[in-house]
Amino acid sequence: MIKKSLIFLSFAIFLTAGLAMAGPVSLYESLSRKGIVKVFVADLTDATAAPKADLPDLKKKIEEGLKNRKSIRFELVSKEDADILLEGSVTEFLWTDSDPVDMITGWAAAAIDAAKKDHYARLMVDFVIRDAKGPVLWQDKVRATLTDPAMTEAESLPRINDRMVEAFMRQALAKPRR
């Protein structure tokens, strides 16, 4: 009897941990059914110790990305007229002239990755999408990375912002794969 209880408890913990690691579900299903979704994109904040991210450019690109969606039609409006509110806080911007070694299986692939001298940029943003009435609809940390052998830090800013918009749209608004 105790053995069955332990097996059941282990299975329940495993299942709960798996669901917790799955992350938030995309808003595609709920938003694609609406005609036009009125959205307000708040000014992004930078919570890093040494702010370097180009926040106005990132906000502009997010707004353009929302306007260009075809399966969910967004209209950019004022905060007072919005159905949903989009907020974001940059938690990390990193640029380095040496790409960190990725977690690659196999010693040969890891050695090749370590030998390459690519420049590397990483941007992480905590996004929150709220119903205009208050409740949080979606919240997650979104990460974008970029490598290029000749990219300077200044050149990385607009390019990493493009990658961030792609990653955000994929995580928050893409049609779930079945």
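Visitor: Which residues of helix 5 are buried?
Guide: Buried means under 20% relative accessible area, with a 1.4 Å probe and protein chains only. In helix 5 the buried residues are S156, L157, I160, N161, M164, V165, A167, F168, M169, A172 and L173. This is a predicted model, where local features need pLDDT of at least 70 and side-chain atom pairs pLDDT 80 or more, while totals for chains, interfaces and linings use all residues. Numbering starts from 1 along each chain, and side-chain values use heavy atoms, without hydrogens or water.

Visitor: What do the buried residues of helix 5 pack against?
Guide: Contact means heavy atoms within 4.5 Å. The partners are helix 2 (28-32), helix 3 (55-67), strand 3 (73-76), strand 4 (84-96), strand 5 (119-131) and strand 6 (136-148). Helices (H or I, at least four residues) and strands (E, at least two) are DSSP runs, numbered from the N terminus.

Visitor: Where does D148 lie, and is D148 buried or exposed?
Guide: D148 lies in strand 6. D148 is buried, because its relative accessible area is 19%.

Visitor: Which side chain makes a polar contact with the side chain of D148?
Guide: A polar contact is a pair of N or O atoms within 3.5 Å; within protein, one must be able to donate a hydrogen and the other to accept it, and residues adjacent in sequence count only if both atoms are side-chain atoms. The partner is R159, at 3.0 Å. The D148 side chain also reaches the backbone nitrogen of M151, at 3.4 Å. Leaving aside residues up to four places away in sequence, D148 touches D118, H119 and R159.

Methods: Buried < 20%, exposed > 50% of the residue type's maximum accessible area, 1.4 Å probe, protein only.
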